[in-house]
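Let's take a friendly walk through this protein chain, from its overall build down to one helix.

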Amino acid sequence: MTDKTLIPASPSEDDYVRQVTQAEPLPLLPENDPFALFGEWLAEAGKKEPNDPNAVTVSTVDADGMPDSRMVLLKDFDIRGFVFYTNTQSAKGVELNAHPKAALLFHWKSLRRQVRIRGMVEPVSEAEADAYFASRARHSQLGAWASDQSRPLPDRLALEKRVAEMGLKFGLSKVPRPPHWSGYRVVPQVIEFWRDRPFRLHERLVYDRVAEGWTTKRLFP
């Protein structure tokens, strides 16, 4: 039996009345440019979230069609799409290679906002991957060589030993990008912006990609 004290109770009528009283009067979300709106929200998250405002859930499917989700860090975005980096031999890398489609979910709890993205996935260019890898801390670069991501690890010492071995291997020289480490760009077909409103009457604005740009629609909460 679930311990009921672990699950917060639903807000009472008085809770909602206080929320309505305290809520700022917000204009409807704009319908002109999803990337500009995303940039504004990410900038606000950078000021409000306690850590990792660029954290995002990436969902893929495995060979059996079973969904698989994990948190990664967004490292770039523009009109082409949303970029993250990983070991291409990891579970997500293998799944994306077989089924190059993904869903992203940003949840900014402090702002009470979400952004959902679905689209096709493509690899970033070699130049993009090299440039980002070069920007990482040296120890993180060594970790990318040492970790057989998503595969069984006998114990923590085995990982630390591999990192030390990579340190000895490269010495004081530049650490090159591993051949099994790169980035993926999610090219959005659908972008949904969700904003909390009192009484669960949330605002949902969806951008759908069309040949000439985007169309928009609003959804019931």
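Predicted model: local features only at pLDDT ≥ 70, side-chain atom pairs only at ≥ 80, totals over all residues.

The protein chain has six helices and nine strands. Its C-alpha atoms fill a box of roughly 65 × 50 × 40 Å, taken along the principal axes. Of the 221 residues in the protein chain, 36% are buried. Taking contacts between residues at least 6 apart in sequence, 64% join residues at least 24 apart.

Charge comes next. The protein chain carries 31 positive and 30 negative side chains, and the centres of these two sets lie 3 Å apart.

Now for a closer look at helix α4, which spans residues 126–135. Its buried residues are A129, Y132 and F133. These sit on the same side of α4 because they cover an arc of only 100° around the axis. On the face turned away from that buried side, α4 carries the exposed residues A127, A131 and S135.

What do the buried residues of α4 pack against? Their partners are listed here:

| Packing partner of the buried residues of α4 | Residues |
|---|---|
| β4 | 81–87 |
| α5 | 138–146 |
| β7 | 181–195 |

To put the helix together: A129, Y132 and F133 are the buried residues of α4, and the buried residues pack against β4, α5 and β7, while A127, A131 and S135 are exposed on the face turned away.

Technical notes:
Residues numbered from 1 in each chain as written. Heavy atoms only, no water. Buried < 20%, exposed > 50% of the residue type's maximum accessible area, 1.4 Å probe, protein only. Helix = DSSP H or I, 4+ residues; strand = E, 2+ residues; numbered from the N terminus. Arc of directions from axis to C-beta. Contact = heavy atoms within 4.5 Å. Lys, Arg positive; Asp, Glu negative; His and termini not counted. Charge placed at Lys NZ, Arg CZ, Asp CG, Glu CD.
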